[in-house]
Amino acid sequence: NSCGRFVNVAFNAACTRGATGGNVLIMASSEPSGAVRKKRTDDAKSIRARALSERKNQAMQRAASSNSGRQACRGPRCKTRLKADAGLLENACKVLVAPVRRKAVRLASLETLLPLQIRVCSWNLHGSRVDARDDVLSWLAPQGRLADMYVIGVQELLELSAKTFMSHTKEGARRLRGLEARLSWELEQLNERFDIVCTVSMVGLALIIFARQGLSQCITEIDIDRVKTGLEGNYGNKGCVCARMIIGTFSACFMNVHLASGQNAVEERNRDLQQVLVEAFQARSSRGNLRNPKHGFRRESRHHPVHHQFCVVFGDFNSRLDLPQEEALPPGPLQDLLPRDQLVLGLMANEASFMEGSVEFAPTYKYVPGTRGRDPSRHPAWCDRTLYKTEAGIVAQQLEYTSFPRLCFTSDHQPIAAHFVVNADAQFPSCLFDGIQEDPEALQPITVNSDTDSEVQAACSDGAILKQKFSRQNCRTL
């Protein structure tokens, strides 16, 4: 707006006949000749055309960078308020360019950025809208404890029925907008402004990431994807939605999964988990089929989930007790059943090394909605879990890992949350600066709206990560 006002003033002044005083540089104090007037008019028009073209390009880039993944995101745009002197065209244009061409994070700003508090929340909604009686704020910020980033994943945003598979688009979009609005409203109660970094959904799965307004400007190179595992990869009732990004200078990946259900579907759950870890962000599937870029999913084989410095896999793993349904539960507290959990037993394995914090909460499934009473039709199970791993100079401390049984009106699952403090490993500080360039023009943000952009900057140098087999330790390393 500042650029436009300045150019309009210059253009109108140039085209005004008989102006006096000589206060405008492009005006003469006397009446110019016809040829001079025409030249000045043409010059003013040229200046205005160039400025308007530049403003349009910058606005498009700014909108893309501040709302990456827009085709998958229905939430509000991140708005940048520009305050520039209306009389300084050059400075005003520099302000417009600044949000697009973010400078590389230097040591001083990195020290300010870390440590980061990242809260990962998961809830299987059982095909229902979030009930107004459920205290969502206690799930996001218990006792008013804030995080810098909120990674929120839901499963069964829609009822998983045959009708949903065929016509889920409109209803899914409405549900997703409603969920975004509810979460945004809850976060507003914390007297802290949060931006939506990205949103991605697939049938009943949805992933919404919020960041503090100041932190969101330090998040670049966002990429999103989804992996279908239902009915041999043809339907999205099961699978994963995920997002990866650069936060300051370290890489992070968040994967919201919903694995195959059923007491005896352990092998299918293993295949699902392996498939999402192998196929996410890749150009080809695990079977060698081409995964075409669409809906903002680039699929350029540039990133791999386990090659990020901080990776979290969370959601409804559908991990069950290694106990036949027809067999009665042994007497005693439900917590005594945890050693029979399939995830704890190591029956659900894949090729990467992840850790899980100590599970000290009650089973999250299955309950009668509206009560805290257990549904006797199913054995209790710790279906909803959060696994994580760190690499290359990043350490993560898990401050909280718990469920929220008071949120009982919406679903037959209880929501869970894991609160992390992510910091730089003092033994490996230099790896945080791999790939940082001094030229501020060198870092261009990724725009996930464009499926044909060939000039996307490479992610931070993750290096070759040695894939490790699952090992089971006292801390339940998986």
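1. F310 counts as buried, at 0% relative accessibility. Buried means under 20% relative accessible area, exposed over 50%, and partly exposed in between, with a 1.4 Å probe and protein chains only.

2. A word on the basis. This is a predicted model, where local features need pLDDT of at least 70, side-chain atom pairs count only at pLDDT 80 or more, and totals for chains, interfaces and linings use all residues. Residues are numbered from 1 along each chain as its sequence is written, and side-chain values use heavy atoms, with hydrogens and water left out.

3. Overall make-up comes next. The protein has nine helices and eleven strands. Both are DSSP runs numbered from the N terminus: helices are H or I with at least four residues, strands are E with at least two. The protein has 478 residues, and 51% of them count as buried. It exposes about 22,600 Å², of which carbon and sulfur atoms supply 50%. Accessible areas come from the Shrake-Rupley method with a 1.4 Å probe; for residues, only the protein chains shown count as cover.

4. Now the aromatic pairs. Rings of Phe, Tyr and Trp (its six-membered ring) pair if their centres lie within 6.5 Å; planes under 30 degrees apart are stacked, over 60 edge-to-face, and the rest tilted. The count by this rule is six aromatic pairs. One of them is Y150 with F194, edge-to-face at 5.5 Å centre to centre and 70° between the planes. Y150 sits in strand β2 (residues 149-155) and F194 in strand β3 (residues 194-202), so this pair ties together parts 44 residues apart in sequence. Y150 is buried at a relative accessible area of 0%. F194 is buried too, at 15%.

5. F254 and F310 form another pair. Their ring centres are 6.2 Å apart and their planes stand at 80°, so the pair is edge-to-face. F254 lies in strand β7 (residues 250-258) and F310 in strand β8 (residues 310-316), which puts the partners 56 residues apart. F254 is buried, with a relative accessible area of 0%. Ring pairs also join F254, F310, Y388 and F420 into a cluster.

6. V241 deserves a look. It is in strand β6 (residues 235-247) and is buried at 0% relative accessible area. Contact means heavy atoms within 4.5 Å. Leaving aside neighbours within four places in sequence, V241 contacts residues including V200, L205, D225 and F254.

7. Which share of contacts between residues at least 6 apart in sequence joins residues at least 24 apart? The share is 73%.
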